[in-house]
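Have the chain open as you read.

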Amino acid sequence: MRKGILTIAAVGLLTTGGLTACSDDSGDGGAAAKTPKIGVILPDSKSSARWETADRRFLEEAFKAAGVQYDIQNAQNDKTAFQTIADQMITSGVTALMIVNLDSGTGKAVLDKAKSQGVATIDYDRLTLGGSAQYYVSFDNETVGKLQGEGLSKCLTDKGVKNPVVAYLNGSPTDNNATLFKAGYDSVLKPKFDSKEYVKGPEDAVPAGDNAQAATIFEQQLTKANGKIDGVLAANDGLGNAAISILKKNKLNGKVPVTGQDASTEGLQNILVGDQCMTVYKAVREEAKAASDLAIALAKGEKKDTGQTVKDPEGGRDVPSVLLTPKAIYKENVKDVIADGYVTKEEVCAGAYAKLCADAGIS
């Protein structure tokens, strides 16, 4: 596996390039007699830019390099479309199906149907609770949230804010990752609320992680708090930018620290200009590489030993998993994301951001 700025999370977990192959005796390995073909269903293109700008790109690169047939489609947050795409892929003869579920109910129905048709399955990025995927590939999502909580605390301290009022913009209530992120940042911030060091402000989950709705929700939060919000724990860069847009309207941008996640071009630019406190970088290239390695093996009727499992709290089963470690990004290390090839200097440092990039050591 190429060297990036991330590492595999679990102690003893083999790198994806060294996963141990073995024959598939599970009864799901009929793919060996068929032409390997991989189907991928992405969730949307509105909640985060990463699905189309990063995941699709890196998965395509991996499948092309391996010389396997593939079909990548985006459900655009439509549950009916999600199921229709899955049915079409199964009918077309995919031998492995990788999904990013819209919710666990829809995801489970798709995974169970695939399994009944002898199609191997992978949960990509989001675990389908109660599902039947043979593998789960993601990041340590509680750690993502913990980094966000620690980041907001650092930025509030740097600004010298006493007894700050902290608002939450959580991700979609149907996204299990959003639940894990919240568990992570609660582990940092709840003790501060309990000790009265911080004050818990308004908290809302944003349906489907929709950024336009997030702006409306945050404006309502700011009104409810009589303009007294000192920090915003936003679950990703899109939600963070929505909050920043409202802070700008109220001439509070740059004064109120806002978190993020995904290291999007927009998020990195917000950090450089001082409107966003931090983001969390998840090297999607590494996630896509781990998932594509597994998918290619499954498509050929093979299994791999990941050396790690994650407990599905609803299904009660241990799901073979690969979890990667995220990294906190502040102004001083925005350059690391560019150096890793996730975004380009040309994208981040365009126009008015050129001098800010130079000041941040991006050459």
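Two strands pair if DSSP finds at least two bridges between them. Strands (E, at least two residues) and helices (H or I, at least four) are DSSP runs, numbered from the N terminus. The model is predicted: local features need pLDDT of at least 70, side-chain atom pairs count only at pLDDT 80 or more, and totals for chains, interfaces and linings use all residues. Residues are numbered from 1 along each chain as its sequence is written, and side-chain values use heavy atoms, with hydrogens and water left out.

Q: How do you know that β12 and β13 pair?
A: Pairing takes at least two bridges. β12 and β13 (residues 318-324) have three, in the antiparallel sense. In one of these places, V310 has V319 of β13 as its bridge partner.

Q: What makes β3 and β12 edge strands?
A: β3 (69-74) and β12 (309-311) each pair on one side only. The open sheet runs β3-β2-β4-β5-β6-β13-β12, with mixed pairing.

Q: Why is α4 called oblique to α5?
A: Angles under 35 degrees count as roughly parallel, over 145 as roughly antiparallel, 65 to 115 as roughly perpendicular, and the rest as oblique. Axes are lines fitted to C-alpha atoms, for helices over the stretch in contact, and angles run from 0 to 180 degrees between N-to-C directions. The axes of α4 (residues 141-158) and α5 (residues 176-194) cross at roughly 40°. Therefore α4 is oblique to α5.

Q: Which residues make the α4 and α5 contact?
A: Contact means heavy atoms within 4.5 Å. Among them are V144 and L152 of α4, and F181 and V188 of α5.
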